[in-house]
Amino acid sequence: MIVAVFEFKVKSTALMGFFRLFRFVGAFTLATLPCFAVAGSVSLPSYPLAVKNPYLSTWVPGNQITDAPTAQPEFWAGQDVTWSILARVNGVTYALFGVPNAVSNTTAATTGAVTYTSSHTLIDLTAGGVKFTLDFFSPVLPGIKDYARQSLPYSYLTVTAAGTSLKFSDVQILSAIDQTWTAQNGAANLNYTTSGKAGLFWFHNPNEIPFTEHSDMATYGSVIFAATIGSGVSHDCDTPANVYGAFISKGALTARSRCTSTDLAALSKDLGYVDKIFVKSVTFAVGFDREQAINYLGDTQTGYYRTKWPTVPQAVEYFLGDYNTALITSALFDADVRVRSEAISSKFGKKYADIVEASVRQTFGAIELTVREDEILSKYAS
């Protein structure tokens, strides 16, 4: 039996009066995705970043988005969360996103266009002669054949770097999170592990109490932060000053795997040289995994994805490897949402499409597809 759990929650500080607060502005076109869909053309009160379930629901207030380097990401209920993104260009470090408190020896990038589709929020920035695009991508896969993929409790962040001229620039990217993504107040252990091609940080409290929360944030489950391992990828967990300092000075991290609960968990990628023709990117994954998702009429339910990927490392490795397929699927889905929404009215169709696109991730992010946990245990018992 598959159970679809609906939890309708409105972001208290930014999505109250969602439809009243839209401000219509000039249309944007979206050229960074493999499609020709027109992106939403309104300024939103809050922009979705990672929105996949009621506990993985991270946003940035609309009044901060025009200065992305100093923007403060928030959980949907208003709690601040750490999600910093830095770039090092030819030895000079720039803040791209989520650094409300200045980091020494860094310069804020310049924010450009901010656009969105049904499943993507994109922020363009320039720094050191390089154009960066931050793509916050939460896949929406509503088809029956994609139930397992849709139920994966993870979201992507892709950082793309392209030169503004034919002059080569040497670029490294860092992204980091910390225990503010949970409500466990430092009780969650932090460690780094690998599974196949995936390297992941894992915040988890072995003494968790299932089905508990504080101020709408889960006090149980695992926060995941991951990237595909390989050449130029490094990781570290340490104080913010030490992590940022290492990246600023070397463009790489220390590869420490023993962490304390309050450490910053950071991943970095050396993209090498980019210019106007040679464009490069790195993709990260962030997630909130709960093996015991809900108690439904006395039965413990777990995520439907565990019917295919029973462990967290297996699920994360699949999710990272599925990125290109998910990206193409999202382009088709986003275009379909736009076209069908605009077709509602010749007069108001475009405005209606803006509203629909802005609502898709929030709608699907309130739904979790689950199965009975004992079905999974019996399936994989040997």
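Two strands are said to pair if DSSP finds at least two bridges between them. Helices (H or I, at least four residues) and strands (E, at least two) are themselves DSSP runs, numbered from the N terminus.

This is a predicted model, in which local features need pLDDT of at least 70 and side-chain atom pairs count only at pLDDT 80 or more, while totals for chains, interfaces and linings use all residues. Residues are numbered from 1 along each chain as its sequence is written, and side-chain values use heavy atoms, with hydrogens and water left out.

Select strand 18 (198-204) together with strand 21 (residues 222-228). These two strands run antiparallel and are joined by seven bridges.

In general, strands of a sheet pair through backbone hydrogen bonds, either parallel or antiparallel.

Select strand 6 (46-53) and strand 8 (74-75), the edge strands of another sheet, each of which pairs on one side only. Three strands form this open sheet in the order 6-7-8, with antiparallel pairing. Strand 7 (residues 56-61) is joined to strand 8 by two bridges. Select Thr-58 to find one of its contacts across the sheet: the bridge partner in strand 8 is Phe-75.

Which residue does a disulfide join to Cys-237? The partner is Cys-259, with an S to S distance of 2.0 Å. A disulfide is identified here as a pair of cysteine sulfur atoms within 2.5 Å, and by this rule the count comes to one. The angle about the S-S bond is -80°, and the link of Cys-237 and Cys-259 is left-handed. Cys-237 belongs to strand 22 (residues 233-238) and Cys-259 to the loop between helix 2 (240-250) and strand 23 (264-274), so the pair ties together parts that are 22 residues apart in sequence. Both Cys-237 and Cys-259 are buried, where buried means under 20% relative accessible area, exposed over 50%, and partly exposed in between (1.4 Å probe, protein chains only).

In the loop between helix 2 and strand 23, select Ala-255. Ala-255 is not a glycine, yet has a positive phi of about 65°. With a relative accessible area of 46%, Ala-255 is partly exposed.

Next, select Phe-211 in the loop between strand 18 and strand 19 (213-214). Phe-211 also is not a glycine and has a positive phi of about 65°. Its relative accessibility is 34%, and Phe-211 therefore counts as partly exposed.

Select helix 4 (residues 323-342) and helix 5 (residues 349-364), whose axes come within 7 Å and cross at roughly 140°. Axes are lines fitted to C-alpha atoms, for helices over the stretch in contact, and angles run from 0 to 180 degrees between N-to-C directions.
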